[in-house]
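Reader: Can you walk me through how some helices pack here? I'm new to this one.
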Amino acid sequence: MELSWYLRRLSRMSPAEIAGRVTDAVRKRRWRRVAGERATWLPDRRLAPVLGESALAAVSGDAVKGLLATADRLMDGHAEFFGVERHDFAAPDWSRDPKTGRLAPSDVYSFDIPYRSEDTVGDIKQIWEPSRHQHLTVLAAAYALTGENRYAERVAAHLDSWWAANPPMRGVHWVSGIELGIRLLSWVWVRRLLDGWDRAPLLFEDNPVALNQIWHHQRWLAAFGSRGSSANNHVIAEDAGQLAAACAFGWFPESAGWRTSALASLDKMLRHNTFDSGVNRELATEYHGLVLELALAGALEAQAAGVEVPGSTWRVLVRKTDALASMVDDSLRPPRQGDADDGYGLVIDGADGGGTSRWASLLNTGEVLFGRLDWWPEVVTPDVRTPLLTALASDIRLDVARPPRRRDDFADAGMTILRDGAIWCRCDGGPHGFLSIAAHAHADALSVEVRHDGVDILSDPGTYCYHGEPKWRSYFRSTAAHNTLELDGTDQSVSGGPFLWTRHATTRVLAVGTPSRWSAEHDGYAPAIHRRTVELEDSKLHILDEVRSGEARPCRLAFHFGPSVEVALSRGTATLSWTVDGQERGASLELPPQLTWSAHRGETTPPLGWYSAGFGRREPAWTLLGTGTADGALTSVLTFDRVGEDPPL
């Protein structure tokens, strides 16, 4: 990174954080000698608890079928990470980036590697993701559910290969705490799922290499936890992995201390990362799911080990689960808000989940642990993870008031969901991300996201990438890439780097008339104030934009559509069409006549008209862009055709 980035990053830190990071930097220089130190382990090394036959028998046949389809594809050497297909996965090179073909340094002291440099390491996400070893939990689950040794043998081969290629403090896999934390959680579950295999003890508790790796992972996490402005989902992953390993692999003299500190930190940081409403403070929905998965896995591991989990931890987990049940649409999809990198806490299901999404899986788990409320959406597809994970649970005493009905307004998070039959509309009036750097925020104040029967109509664009492609990183988190108003050709908030915002727009919600009306404003273009009012009633969505300032300002008003929506622009009206289950659906969008409207799709210079369904993937989608002057009220009306009616001519 350039010196100017470091100066901007430094400006967002408190004095205490700066002091802590200086201490970390000194420790990292001295840590070279640690790589050669060997773990001391206790004589009694057993895994507890293991899964009983009843837990395995509770997994549905359809869920097993989906799992085995993925496991067999892995056995054939095929895998996909962030849109890149790999066919070398029978025996992968753990330092190779398949997208660029580059090999990251594997025999260099870890903290000396500039891992953000694509010229040096390639795409670091492509290298890190397979080394979370979540494909190994899938293979181990396939063994547990079938008893076929071939799955266990492949797991052992990959672990032996990884441990040999990545000795402590060498290479890029010892740089980031979130990677170590998630990897530890995967190893805990790999060992648990392989328990019936006669070679499992020789792979883990009776294997000096494995013991040394586990010890070094935990020692690393005890020394280099995320702090200050970086204490977001990363610290949850670190704490959950440390806690799970210290409970399941309590094989070291330090285990009790690691367990105590990790549990205390998880409880504190989980509360720190969550609004009282249960919404994740990063306001990036994928991280709501990641944090919930990680914290559930860590807390249940502790409870299974006989460790008392604080009531405050369970209260946050209940609130997060109820919030998820409230915010999803009719197809159980939550908002597409902020960054998303397809990160999972614990993977035991197949790639297609046997028809069950991560969100349905979390609601399944929440139902078993906390009880399903009457207003929750129905989940009809079972998953593998829920019966296995919840088998660790004992009596969870809930001392928390739960919502008597579905919430549509999360005031502390600035999120309002308007609903009208099949129409779902998210309105964004929340803070610009979390902590001083708002790492995973987008410049999306007052944006709307609209779905019809679960189909993206007015869509949030997604994320696409983090490192290596700055043009695309800037576009996907820009104001112009969201369904809101841009002034003077600039973003509402000021970016200082790919995970850094140096000035944050402040948003204020003015009125919420759930379920039909919402109004808010932000000061990102001060002294001008952008105010937006949204009303949803009788299959019509009215959007009124006003700029309150002393002078007219150049503006661009954008409407981005999902990839399944076709758009035909004629003068000031756009006709929309899409298909659901073979049925044609349609809508019309009346656009503000004060602006000049144009249609864009899949443009690259500059980027415009794109949709990212997942990290590393993008596809063309229609965007309507109105340019002109923000002088007076701008009114847009989205009208959905009634099912069975002919669309307007």
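This is a predicted model: local features need pLDDT of at least 70, side-chain atom pairs count only at pLDDT 80 or more; totals for chains, interfaces and linings use all residues.

Reader: Okay. How do the axes of α12 and α14 cross?

Author: Helix α12 covers residues 233-248, and helix α14 covers residues 285-304. Their axes come within 8 Å and cross at roughly 20°. Angles under 35 degrees count as roughly parallel, so α12 is roughly parallel to α14.

Reader: Left-handed or right-handed?

Author: α12 passes α14 in a left-handed crossing.

Reader: Which residues make the contact?

Author: From α12: N233, I236, A237, A240, L243, A244, C247 and A248. From α14: Y287, L290, V291, L294, G298, A299, E301 and A302.

Reader: How do those divide into nonpolar, polar and charged?

Author: The α12 and α14 contact has 13 nonpolar residues, two polar and one charged.

Reader: New topic. Where do α4 and α7 sit in the chain, and how do they cross?

Author: α4 is residues 61-75 and α7 is residues 134-146. The axes come within 9 Å and cross at roughly 120°. α4 and α7 are therefore oblique to each other.

Reader: And the handedness of that crossing, left or right?

Author: The crossing of α4 and α7 is left-handed.

Reader: What meets what there?

Author: α4 brings V64, L67, L68, T70, A71, L74 and M75. They meet H135, V138, L139, A141, A142, L145 and T146 in α7.

Reader: How many are nonpolar, polar or charged in this contact?

Author: The contact of α4 with α7 has 11 nonpolar residues, three polar and no charged.

How values were computed. Residues are numbered from 1 along each chain as its sequence is written. Side-chain values use heavy atoms; hydrogens and water are left out. Axes are lines fitted to C-alpha atoms, for helices over the stretch in contact, and angles run from 0 to 180 degrees between N-to-C directions. Helices (H or I, at least four residues) and strands (E, at least two) are DSSP runs, numbered from the N terminus. Angles under 35 degrees count as roughly parallel, over 145 as roughly antiparallel, 65 to 115 as roughly perpendicular and the rest as oblique. A crossing is left-handed if the near helix is turned anticlockwise from the far one by less than a right angle, and right-handed if clockwise. Contact means heavy atoms within 4.5 Å. Ala, Val, Leu, Ile, Met, Phe, Trp, Tyr, Cys and Pro count as nonpolar, Asp, Glu, Lys and Arg as charged, and the others, Gly among them, as polar.
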